[in-house]
Amino acid sequence: MIRILFIVLAGLLVSCGSRKKVDREVFDAVNESMEVKKVNEVDIINKAIEWGNEITEEAQQELMGKLTTAINEKGVAGAVAFCNVEALPSLDEVSRKHKVVIRRVSHDFRNSSDRPNEKEEMLLQAYEYNEENDIQNKPNVQEIENGEILLYTKAITIPGKMCLNCHGDPNKDIDEATLAKIEKLYPQDKAKGHEVGDLRGMWSIAIPKKEVVKQL
Ligand code: HEC
């Protein structure tokens, strides 16, 4: 009985030993392919900018598509309630799809959850400085959280008159029913009084660096 056990154990040891050898080969192969890939920081940042541009484009289309449908179906005042309920969940949906966290932040926020956090604050101020000084705003990527997260940001300007229906001059651009709705849902609203071309805020996308590296 003891002898049989010994043989079984010896067999196990041999098979473990041989599996180890395979593991080592796999390990070496992975290392080698990473060597060949030679991922460097510049490539990572460029990829993050490219990906951030794509994600903001997609999120913008998602919001605009839904907003336009809501306005056509319910009118501008009705669409305010729609934005109130749907804007953030729509962004969350795109976030989940790409394993990132998408936000739109602004100093003139309508929804207080769009207030910038500490990291976003500095970047938003830089975009505001550029706007005031006629310097063109470009997308930016910063490393945060010990370099594990890449924070992509991009300015949001008011592209056309359509936005003024809800973000323009309350005496001129926003109709009475819409204004009443905005004031009811957002008593602390700061997002009125804009003109076409104004900086409205910025996109902020927290992208895990490892997700970017996977795409290289
Ligand atoms: C039908 C009214 C309506 C229109 C039209 C509209 N918005 Fe908004 N917007 C809102 C509402 C309501 C919110 C707050 C959404 C929330 O509670 O999450 C908002 C929020 C935002 C935010 C997030 C920051 C904040 O203030 O909370 C940005 C950025 C923004 N809008 C930009 C635009 C731009 C650019 C356009 C034109 C392309 C536009 N909006 C058109 C109603 C509107």
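Student: Which of the 24 residues around the ligand come nearest?

Tutor: A residue counts as near a molecule or strand if one of its heavy atoms lies within 4 Å of it, and here D114, C163, C166, H167 and R200 come nearest to the ligand. This is a predicted model, in which local features need pLDDT of at least 70 and side-chain atom pairs count only at pLDDT 80 or more, while totals for chains, interfaces and linings use all residues. Residues are numbered from 1 along each chain as its sequence is written, and side-chain values use heavy atoms, with hydrogens and water left out.

Student: Which donor does the iron atom of the ligand have from the protein?

Tutor: Donors are N, O and S atoms within 2.8 Å of the metal (3.2 Å for Na, K and Ca), and sites may look incomplete because water is not among the atoms. In this model the iron atom has a single donor from the protein, NE2 of H167, 2.1 Å away.

Student: Are C163 and C166 buried or exposed?

Tutor: Buried means under 20% relative accessible area, exposed over 50%, and partly exposed in between, with a 1.4 Å probe and protein chains only. C163 counts as buried at 19% relative accessibility, and C166 is buried with a relative accessible area of 17%.

Student: How many disulfides does a search of the whole structure find?

Tutor: A disulfide is a pair of cysteine sulfur atoms within 2.5 Å, and the search finds zero of them.
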